[in-house]
Amino acid sequence: MTNERPDPDALLARVRADEARAGRGRLKVFFGAAPGVGKTYAMLEEARARRAEGVDVLAGVVETHGRKETMALLDGLEVLPRRTLEYRGVSLQEFDLDAALARRPGLLLVDELAHTNAPGSRHVRRWQDVEELIDAGIDVYTTLNVQHLESLNDVVARITGVEVRETVPDAVLDAADQIEVADLSPDDLLQRLEAGKVYVPEQARRAIARFFRKGNLIALRELALRRAAERVDAQMRGYMREHGIRDTWPAGDRILVCVGHNPHSARLVRAARRMAAGLRCEWIALHVETPGHERLPARDRDTLVANLHLAEELGALIVTLYGLKATDEILAYARRHNVTRIIVGKPTHPRWRDLLVGSLLEGLVRGSGDIDVYVISGDEPEDAPRRAGRREAVAPGQYGWAVMVVAACTALNWLVFRHLNITDTAMVYLVGTVLVAARARRGPAVVASVLSIAAFDFFFVPPLFTFTVSDVNYFATFGVMLATTLLISAYTLRIRDQAEAAREREHRTGALYAMSRALAAAGGATALARAARRHIVGTLDADAVILLRAPDGTLTSADPGEPPLDEKELSVARWVADHGTPAGHATDTLPAARGLYVPLAAPGGVVGVLGLYAKDERRFDHPTTRQLLDALANQTALAIERAQLAERNAEGRVEMEAERLRTSLLSSLSHDLRTPLGAITGAASSLKGEAGDLSPGARAELLDTILEEASRMNRLIGNLLDMIRLESGSLAVKPDWQPLEEVVGVALIRLDARLKERPVTTSLPPDLPMVAMDGLLIEQVLVNLLENAAKYTPAGTPIELTAVAGEQAVTIAVLDRGPGVPPGEEARIFDKFHHVADGRAAGGIGLGLTICRGIVLAHGGRIWAENREGAGLAVRFTLPTGTPPPVTETEEATPAAE
Amino acid sequence: MSVAGPLVLLIEDEPQMRRFLRATLDGNGYRLVEAPTAREGVTLAASHNPDLILLDLGLPDGDGIDVTRRLREWTATPVIVISARGRESDKVAALDAGADDYLTKPFGTGELLARMRVALRRVATGEDGDAPTVECGVLKVDLARRQVWRGDVEVHLTPLEYKLFAELMRHAGKVLTQKHLLAAVWGSHAGVPAHNLRVLMGQLRHKLEDEPARPRHLTTEPGVGYRLRE
């Protein structure tokens with residue numbers, strides 16, 4: 001062994017593993033060969049020692065089986081009360097996971113890792129409870145017997161003849177931080193058993209007979225010790241890797257096991273797991289889905305799902321490929337992924353089938369090149385579309401149709417071809433059978449073929465009207481007819497299956513594509529979720545609900561229209577959101593739930609939960625459906641996260657804008673209010689005599705200054721107040737029908753002093769309709785516009801005020817002959833605190849036009865500015881006219897002159 | 001300080017405002033009594049019987065409108081209301097309660113003195129003069145003959161226009177609320193919408209004003225009503 005610098009990738013992986021481990025609880029497994037070896041005892045002993053060290057120990061669940069020594073050890077430990085579950089009238093006692101999570105002990109004892117939970121528990125299996133506890137940061141001690149270990153399940157069954165149903169994935173044991181083997185020699189164990197120390201006496205005899213045979217116990221002990229040693233080995237390897245010690249074996253082995261729908265495939269999977277463990281390499285469970293898959297009976301499909309599930313639990317990478325020929329797909333995949341060993345089952349079907357349709361095994365062996373192929377007793381993993389096809393029911397109409405076609409051929413031959421060469425009649429029958437083969441399934445095709453031969457023989461082969469054949473040559477003709485029919489039928493079927501598979505793929509791709517397009521078109525996380533839901537409902541043929549996760553962790557339905565989930569379903573969804581793994585129907589976690597809940601996991605975390613409610617119970621059992629579902633969920637999650645990021649971005653922008661406005665407001669206030677105050681203070685103090693004697697002219701000047709500056713401040717404050725009213729929404733528009741002329745008049749009179757030296761022309765057509773407006777507010781608009789025109793244009797230049805009645809609105813314009821605004825700023829001048837950036841500060845706060853816009857918008861009109869031809873600026877706004885009320889023209893009874 | 005000058009009661013809570021008014025009115029020959037609260041104002045009005053009352057609408061212990069109403073129960077002393085801009089409805093309420101005029105803060109001294117003069121003169125010439133003819137700048141009306149002149153030219157008005165114009169001329173210089181004018185022209189029972197008054201006023205301006213869009217005499221008091229200016 002040579003010390004080398006550690007591989008950076010490996011170091012990174014180690015850091016990641018450390019990170020993942022941080023915050024997680026630690027798992028210690030007390031591992032034994034058989035019941036009674038003292039696992040629980042050892043666990044309790046150690047727990048007591050830990051408690052003596054001051055650790056907060058809680059006995060979550062401890063099965064004492066009535067053993068006195070064990071019960072004595074439990075004495076003094078805090079025991080978590082069990083939860084009572086009602087199931088079909090029976091009340092069951094079960095470990096209370098939620099109470100344990102809420103209690104958060106320093107160390108929790110959970111006996112019998114392989115236990116299956118009572119129906120109605122959150123998880124199907126206790127080891128899942130333990131995983132959740134570990135994830136929550138709680139240290140757990142647990143016990144496990146070797147016969148419950150998934151990869152050794154079949155071996156144990158063969159040794160003991162007892163099938164153990166409750167198994168624990170090897171990954172759970174591999175992930176344990178510590179394993180302690182509770183070892184006892186078989187003789188001692190049998191002695192303990194006889195002394196009644198293992199099981200309660202009435203159970204003992206049956207147990208001894210079936211399980212506790214010495215031979216069994218020796219084998220199990222060996223298995224347990226070997227498995228524990230394997231783990232120690234793995235730990236040492238991990239240590240070597242972490243410390244940059246080069247591996248002592250050729251790396252890069254990769255095992256591929258071909259999984260099919262045959263029950264024996266499970267044995268292949270376990271064998272592959274053992275081989276992979278022995279080689280310390282990764283392994284892949286591959287299933288090739290051929291077009292015939294859809295025609296498999298439900299039972300076979302279930303077996304396949306179970307096999308793949310087993311492989312997944314044992315730590316395999318699950319791959320499903322689509323292809324016509326399993327051999328080609330397997331080899332192509334193996335080459336692409338540097339697989340070194342392929343494991344297939346030993347064929348059990350008759351040999352002639354290989355001759356007819358080709359053998360998977362032979363194909364693999366021939367095409368494998370430098371890849372080793374291991375053949376293990378079991379069955380070929382290949383899907384058998386043809387066999388499956390035969391099993392499928394054929395509509396009786398197809399047989400009728402086949403008979404009709406043969407009858408038609410016979411009639412045609414009888415009428416026409418009888419008089420020609422006899423081979424021509426055979427050809428007509430051939431065409432007929434081909435037609436049937438091309439359109440119907442194989443059964444009708446064969447029927448048509450046989451009927452054709454019979455009819456040909458009976459009607460046309462001499463001697464006529466008998467089935468006797470005079471010439472042996474005709475047997476060759478019959479043979480060719482039958483072979484042709486079978487061949488064409490086979491190829492037709494294959495083509496049809498291909499088309500079907502292509503259609504299926506097309507459907508999946510299309511669904512994904514359509515969804516990605518819909519998602520691209522939708523804006524905002526909620527709209528996205530709604531669009532995604534519609535697509536998922538349409539694609540998966542199941543009802544769906546999307547719950548979005550708020551930053552505080554609460555889940556809310558994206559579509560307010562759909563009925564809310566009940567508390568039970570919602571709690572499943574919440575669990576999924578918190579743990580990032582699917583749960584509910586068709587999973588091992590909370591399978592009693594009505595829906596299947598899949599996390600919408602994006603790189604930044606879980607953004608929501610997708611809930612699915614299938615009409616068909618088995619809808620989500622199939623891996624391809626799950627893959628499609630995963631793809632859809634993945635796409636949805638990414639899109640939602642993207643939208644949420646964009647929204648958060650926009651929020652940030654709004655905040656920045658608000659910040660900018662606050663700053664502008666502060667600087668405006670300090671500058672624009674202090675300037676006039678400065679002038680007033682200065683002028684007043686001068687007048688008071690601080691500047692010595694003043695000439696009467698100077699005094700008048702100072703007094704004018706005070707007055708002017710005070711009124712300027714008054715205007716500024718007025719604008720600020722208006723702005724605040726606009727922004728706070730307390731600016732209530734109280735419209736009333738008014739002639740525009742009157743409002744214009746008020747504005748002009750209010751500005752009399754400021755417009756004194758300006759030629760102001762107003763042109764209001766006499767037929768101008770009345771407008772429903774708030775006179776005070778529109779007056780403010782006009783005052784602001786006229787004031788701006790006076791402020792920003794050279795003295796003496798004219799100002800015009802015009803109004804034009806349109807069909808639906810009156811357009812009012814204030815026109816000047818000043819410098820206008822720089823191009824591109826026409827819209828921005830209405831922004832708050834905006835000053836035209838050319839340095840001509842005219843002492844405004846930059847609110848006048850903003851207020852105008854607010855008021856005009858509140859009236860349902862719009863306002864805009866444009867530079868005039870020649871020179872100057874035109875600011876126009878519209879006010880909708882509507883239908884003015886009638887004016888009361890009728891005079892009262894008293895005339896002008898009585 | 002002229003002992004014979006008119007007595008003004010100032011009901012105003014702001015000391016700065018009182019200081020400014022005290023200086024201004026003192027210098028213009030008025031005598032002044034000050035009250036910082038509504039309660040004190042009403043008491044002083046009863047005990048001093050002033051010639052004119054300046055009333056701030058925003059008082060700490062009560063509503064200026066209420067004060068007006070209580071004063072009007074027993075005295076016809078002219079009341080000029082002082083208020084901030086943006087509270088047009090308060091002004092209308094005060095005027096409807098019997099106030100004679102209003103001023104919007106901030107206001108100039110000239111404006112204040114002019115309004116006070118108008119109010120005091122109306123008291124001196126008898127409530128809303130019964131004189132057969134009234135003149136206001138270039139405008140003249142003969143109330144007995146129902147004739148209207150603009151300068152030397154007689155202007156023909158419709159009966160409704162005449163009613164409106166006569167009402168304004170009778171109260172020249174005083175602000176008249178919309179409600180008041182509607183009642184005066186159409187009769188209080190009619191419930192005529194206010195836009196009729198605005199249209200009528202527009203017609204009147206076109207007959208009597210040089211520049212109807214910038215009226216000199218028939219002026220609008222935004223949100224309150226109209227006033228005939230000299």
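## The three-stranded sheet of chain B

In this predicted model, chain B holds an open sheet of three strands in the order E12-E14-E13, with antiparallel pairing. Strands here are DSSP runs of E with at least two residues, helices are runs of H or I with at least four, and both are numbered from the N terminus; two strands pair if DSSP finds at least two bridges between them. The edges are taken by strand E12 (175–177) and strand E13 (218–221) of chain B, each of which pairs on one side only. From one strand to the next, the twist averages 30°; axes are lines fitted to C-alpha atoms, for helices over the stretch in contact, and angles run from 0 to 180 degrees between N-to-C directions.

E12(B) pairs with strand E14 (residues 225–228) of chain B in the antiparallel sense, over three bridges. Within this part of the sheet, B:Thr177 stands opposite B:Gly225 of E14(B). Helix H7 (residues 178–186) of chain B packs on the sheet and touches E12 and E14 of chain B, its direction making about 75° with that of E12(B); contact means heavy atoms within 4.5 Å. Helix H8 (residues 194–208) of chain B lies across E13 and E14 of chain B, running at about 150° to E13(B).

## Where chain B meets chain A

Let's turn to the interface. Here 31 residues of chain B are in contact with 32 residues of chain A. The two chains bury about 2,600 Å² between them, 50% of it on carbon and sulfur atoms; buried area is the accessible area (1.4 Å probe) that two parts lose on being put together, summed over both. On the chain B side, B:His195, B:Arg198 and B:Arg214 lose the most area to chain A, together 24% of what that side buries.

The rule finds four salt bridges across the interface of chain B and chain A, a salt bridge being a side-chain nitrogen of Lys or Arg within 4 Å of a carboxyl oxygen of Asp or Glu. The side chains of A:Glu742 and B:Arg205 meet in a salt bridge at 3.6 Å, N to O. Helix H6 (159–170), H7, H8 and E13 of chain B are the elements that give two or more residues to the side touching chain A. Among these, H8(B) gives the most, with nine residues.

## A parallel sheet in chain A

Chain A has an open sheet of five strands with parallel pairing, in the order E11-E10-E9-E12-E13. Strand E11 (317–322) and strand E13 (372–376) of chain A each have a single partner strand, so one side of each is left without a neighbour in the sheet. The twist averages 25° from one strand to the next.

Strand E9 (residues 254–258) and strand E12 (residues 341–345) of chain A pair in the parallel sense over three bridges. A:Ile255 has A:Arg341 in E12(A) as its bridge partner. Helix H15 (residues 360–367) of chain A packs on this sheet, touching E12 and E13 of chain A, and its direction makes about 155° with that of E13(A).

Over all chains, the count comes to 47 salt bridges. One of them joins A:Asp177 to A:Arg26, with the closest N and O atoms 4.0 Å apart. A:Asp177 lies in the loop between helix H7 (170–175) and strand E8 (178–182) of chain A, and A:Arg26 in the loop between helix H1 (8–21) and strand E1 (27–32) of chain A, so the pair ties together parts that are 151 residues apart in sequence.

## Reading the numbers

Residues are numbered from 1 along each chain as its sequence is written, while chains are lettered from A and ligands numbered from 1 in the order in which they are written. Local features need pLDDT of at least 70 and side-chain atom pairs count only at pLDDT 80 or more, whereas totals for chains, interfaces and linings use all residues; side-chain values use heavy atoms, with hydrogens and water left out.
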